[in-house]
Amino acid sequence: MVQSTAAIGAAAMSEGSPTPSAQPVPQAPPAAAPRQLPRRLLQLYAGLALYGASSALLVRGGLGLEPWNVLHQGLSERTGLSIGVVSIIVGAAVLLLWIPLRQRPGLGTVSNVVVVGVALDGTLALVPEMHGLWAQIPAMAAGIVLNGVATGLYIAARFGAGPRDGLMTGLHRVTGRSIRLMRTVIEVTVVATGFLLGGSVGVGTVAYALAIGPLAQFFLRIFSPPAESAPGTGTGTGTGSTVVAGGTPKRAILRR
């Protein structure tokens, strides 16, 4: 999600969200133990719900949205559909592009399409519009930080890449171009299109692009489940960040 700011965000962290950032990328840990499944499921759905809620705070803040939501808001303005419904439709359309790219969706991929949009609309129904910088700036800041928390939660759950990240990694694999370049091209296109349709681009978009990578990296380390203990040793094999689209990119993908 990056616009003219997309260039800024992509340069800073390869995507306006938690993707290959300028920071060191941890290696993927061993597969999670089966007993961790309840925790991982809780993390997945809590993270996706919080992601939608964080996006709603940025909408209410009115100072600029994440790149993909610039497009969603622009389409919402043109179609009369809610931004959450547009997010679901766009996510499903992007998922269809996985077919020629031979990407494999996971539970997290499909859940991402639905849960984020529902949570976005649900939060907008509860949070009133805000007027004045004294209310807008805190809403923007809270939305960005909460988005980082949400990203760390659902990425660490290891249930598959979001549809938009899968598009990026699929194009990376098919074209041989870098993930950074693919992310930049996609998000500049998305933000430019959304802006022309009436989506909100502003200081919040820039702040999101610059902050989300470090925030997601930080919370990803916090929420990564402990690795399964090595047989016969009683000791863990370590914890760490995770690769969302396993086997495709060589770098961790930290975003929706």
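Me: Are Tyr51 and Tyr154 buried or exposed?
Reply: In this predicted model, both Tyr51 and Tyr154 are buried.

Me: Where do Tyr51 and Tyr154 sit in the chain?
Reply: Tyr51 belongs to helix α2 (residues 37–61) and Tyr154 to helix α7, so that the pair links distant parts of the chain, 103 residues apart.

Me: What is the geometry of the rings of Tyr51 and Tyr154?
Reply: The ring centres of Tyr51 and Tyr154 are 6.2 Å apart and the planes stand at 75°, so the pair is edge-to-face.

Me: How many aromatic pairs does a search of the whole structure find?
Reply: The search finds 3 aromatic pairs. One of the pairs joins Phe218 and Phe219, with ring centres 5.0 Å apart and planes at 75°, so this pair is edge-to-face. Ring pairs also bring Phe223 into a cluster with Phe218 and Phe219.

Me: And the accessibility of Phe218 and Phe219, what is it?
Reply: Phe218 is partly exposed at 47% relative accessibility, whereas Phe219 is buried, with a relative accessible area of 14%.

Me: Why is Gln136 classed as buried?
Reply: Gln136 has a relative accessible area of 14%, and buried means under 20%.

Me: New topic: at what angle do α3 and α4 pack?
Reply: Helix α3 (residues 67–79) and helix α4 (residues 83–96) pack at about 115°, and their axes are 9 Å apart. Their crossing is right-handed.

Me: Which residues of α3 and α4 meet?
Reply: From α3, the residues are Trp68, Asn69, His72, Gln73, Leu75, Ser76 and Thr79; from α4, they are Ile83, Val86, Ser87, Val90 and Val94. This contact comprises 6 nonpolar and 6 polar residues, and no charged ones.

Me: Now the backbone: what is the phi of Arg102?
Reply: Arg102 has a positive phi of about 60°, although it is not a glycine. Most residues other than glycine have a negative phi. Arg158 likewise has a positive phi of about 60°.

Me: Where are Arg102 and Arg158?
Reply: Arg102 is in the loop between α5 (98–101) and α6 (107–126), and Arg158 is in the loop between α7 and α8 (163–175).

Me: Is each one buried or exposed?
Reply: Arg102 is exposed, with a relative accessible area of 74%, whereas Arg158 is buried, at 17%.

How values were computed: Residues are numbered from 1 along each chain as its sequence is written. This is a predicted model: local features need pLDDT of at least 70, side-chain atom pairs count only at pLDDT 80 or more; totals for chains, interfaces and linings use all residues. Side-chain values use heavy atoms; hydrogens and water are left out. Axes are lines fitted to C-alpha atoms, for helices over the stretch in contact, and angles run from 0 to 180 degrees between N-to-C directions. Helices (H or I, at least four residues) and strands (E, at least two) are DSSP runs, numbered from the N terminus. A crossing is left-handed if the near helix is turned anticlockwise from the far one by less than a right angle, and right-handed if clockwise. Contact means heavy atoms within 4.5 Å. Ala, Val, Leu, Ile, Met, Phe, Trp, Tyr, Cys and Pro count as nonpolar, Asp, Glu, Lys and Arg as charged, and the others, Gly among them, as polar. Buried means under 20% relative accessible area, exposed over 50%, partly exposed in between (1.4 Å probe, protein chains only). Rings of Phe, Tyr and Trp (its six-membered ring) pair if their centres lie within 6.5 Å; planes under 30 degrees apart count as stacked, over 60 as edge-to-face and the rest as tilted.
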